[in-house]
Amino acid sequence: MHLILGILWLTAGLVLIGWEWYTGSTRLLIRGTEISASWMLPLLAIYNFVRWYSARAYRTSQRELFNERAARLREVRYRDRPEQPDPNFDFTNKPPAPLPPPGNVTDRPPGSN
């Protein structure tokens, strides 16, 4: 948005300054000075270009910080990994162990009789 406004103000300012220079018109002077009001438009263009560049630089620095943080997190996650995983924490989808053969009726819980 700032880039578009900067281009708009710069174009309008150059057109007005060129028109004043070509025609010699002094209708757009600031009261009490010999400065044309059309010089305000290039100043607005410079302001918008600075805002556009600063927003762009801020986004770039934030993206770099995010990438550095992600790299640090990856390094911490994978730095101290053990060679062999602990079998107590193996949560893969292995088939369940087979059930023991049915024994005496009294060995079952009360609800399954």
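Biologist: Which residues are buried in H1?

Modeller: This is a predicted model. In H1, the buried residues are Gly-6, Gly-13, Ile-17 and Glu-20. They share one side of H1, because they cover an arc of only 75° around the axis.

Biologist: Why do residues three or four places apart point the same way?

Modeller: An α-helix has 3.6 residues a turn, so such residues point the same way.

Biologist: What does the face of H1 turned away from its buried side carry?

Modeller: That face carries exposed residues: Ile-4, Leu-14, Val-15 and Tyr-22.

Biologist: And what covers the buried residues of H1?

Modeller: The cover includes H2. Take Asn-48, found in helix H2.

Biologist: Is Asn-48 buried or exposed?

Modeller: Buried means under 20% relative accessible area. Asn-48 has a relative accessible area of 6%, so it is buried.

Biologist: Which residues does Asn-48 touch?

Modeller: Leave out residues up to four places away in sequence. Asn-48 then touches His-2, Leu-5, Gly-6 and Trp-9. One of these, Gly-6, is on the list of buried residues in H1.

Biologist: What comes just after H1?

Modeller: Gly-24, with a positive phi of about 75°. Then look at the loop between helix H1 (2–23) and helix H2 (40–79), where Ile-30 lies. Ser-36 is also found in the loop between H1 and H2.

Biologist: Is Ser-36 buried or exposed?

Modeller: Ser-36 has a relative accessible area of 7%, so it is buried.

Biologist: Which residues is Ser-36 in contact with?

Modeller: Set aside neighbours within four places in sequence. The contacts of Ser-36 are Glu-20, Leu-28, Leu-29 and Ile-30. Glu-20 is one of the residues buried in H1. For distance, consider Ser-36 and Leu-16: 20 residues apart in sequence, they are 9.6 Å apart in space, C-alpha to C-alpha.

Biologist: What is the relative accessible area of Ile-30?

Modeller: The value is 35%, so Ile-30 is partly exposed. Patches are made of residues with over 30% relative accessible area and no salt bridge.

Biologist: Which residues form the nonpolar patch on the surface?

Modeller: Ile-30, Ile-35, Trp-39, Met-40, Leu-43, Ile-46 and Val-50. Together they have about 700 Å² of accessible area.

Notes:
Residues numbered from 1 in each chain as written. Predicted model: local features only at pLDDT ≥ 70, side-chain atom pairs only at ≥ 80, totals over all residues. Heavy atoms only, no water. Patch = residues over 30% accessible without salt bridge, like charges linked within 9 Å, V, L, I, M, F, W, Y side chains within 5 Å. Areas by Shrake-Rupley, 256 points an atom, 1.4 Å probe, with all protein chains shown as cover. Salt bridge = Lys/Arg side-chain N within 4 Å of Asp/Glu carboxyl O. Helix = DSSP H or I, 4+ residues; strand = E, 2+ residues; numbered from the N terminus. Buried < 20%, exposed > 50% of the residue type's maximum accessible area, 1.4 Å probe, protein only. Arc of directions from axis to C-beta. Contact = heavy atoms within 4.5 Å.
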